[in-house]
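Please look over the sequence and the structure before turning to the notes below.

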Amino acid sequence: MPLIEAKVQERRRHQRVKVVLPGRYMLEDRREYPCQTIDISPGGVAFAGVAKGDVGERVIAYLNQIGRVEGTIARHFGQGFAIQMKLPVIKREKLADQLTWLANRQALGMAEDRRHERIPPRFSHSTLRLSNGQEHLAKLVDISISGAALTVAARPPIGSAVVIGETPAQVVRHFEGGIAVEFNRLFPAETFDENITL
């Protein structure tokens, strides 16, 4: 009984935050699979993914906006699995800060990080490619080094991975007639101007 109580306590030590982030994960057989987070804490991540692996198996995942995480599979559930992570204190605190920011942004429906100046691009015609390969004509409304707003007929879910032109991104907001995306990587500020093409 004390051992079970200790395990439950360990599982609940870190508050889980419902943050949806797309990514990819690799099991011990070195095969890669797409995934999406269901919730995250500094001690673990619940993933929705097709291959669940074995309990105790090591997993390495790369998540949009967080980067690399790794741990061991602690349990399975209907649509995926959860991993347990043992992070050094500094990394755990950094992840906790990231999660707080991401959770607040998603809860408030905030757009992508507006610290970066937004400009109308000279070349506004582009394409939006969805994760299933479908392509849609799109028109860029404005862009920054971290994201873009575009008018497009498609309405992919918030949190889904898309490609604008050749630039991988994630949908962060819907608006009337279009979507806003955050790029997976910032454009270098020194090369960014209205002539940029995605």
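In this predicted model, E194 is partly exposed, with a relative accessibility of 34%. E194 forms a salt bridge with R122, and the closest N and O atoms are 3.8 Å apart. This pair links distant parts of the chain, 72 residues apart: E194 belongs to the segment after strand 12 (178-183), and R122 to the loop between helix 2 (89-108) and strand 7 (125-129). R122 is exposed, its relative accessible area being 55%.

**Other salt bridges**

- The structure holds 6 salt bridges.
- R16 and D39 meet through their side chains in a salt bridge of 3.0 Å, N to O.
- R16 lies in the loop between helix 1 (2-12) and strand 1 (22-26) and D39 in strand 2 (residues 32-41), so the pair ties together parts that are 23 residues apart in sequence.
- D39 counts as buried at 12% relative accessibility, whereas R16 is partly exposed at 30%.
- Between R58 and E70 there is a salt bridge whose closest N and O atoms are 2.8 Å apart.
- R58, R68 and E70 are linked in a network of salt bridges.

**The barrel and its strands**

- A barrel is closed by 6 strands in the order 7-8-9-12-11-10, with antiparallel pairing.
- On average, neighbouring strands of this sheet are turned by 45 degrees against each other, direction ignored.
- Strand 10 (residues 161-164) pairs with strand 11 in the antiparallel sense over 4 bridges, and A161 stands opposite Q170 in strand 11.

**Residue T167**

- T167 lies in strand 11 (residues 167-175) and is buried, with a relative accessible area of 11%.
- Residues touched by T167 include V162, F183, F187 and L198.

Notes: Residues are numbered from 1 along each chain as its sequence is written. This is a predicted model: local features need pLDDT of at least 70, side-chain atom pairs count only at pLDDT 80 or more; totals for chains, interfaces and linings use all residues. Side-chain values use heavy atoms; hydrogens and water are left out. Helices (H or I, at least four residues) and strands (E, at least two) are DSSP runs, numbered from the N terminus. Buried means under 20% relative accessible area, exposed over 50%, partly exposed in between (1.4 Å probe, protein chains only). Contact means heavy atoms within 4.5 Å. Two strands pair if DSSP finds at least two bridges between them. Axes are lines fitted to C-alpha atoms, for helices over the stretch in contact, and angles run from 0 to 180 degrees between N-to-C directions. A salt bridge is a side-chain nitrogen of Lys or Arg within 4 Å of a carboxyl oxygen of Asp or Glu. Lists of a residue's contacts leave out its neighbours within four places in sequence.
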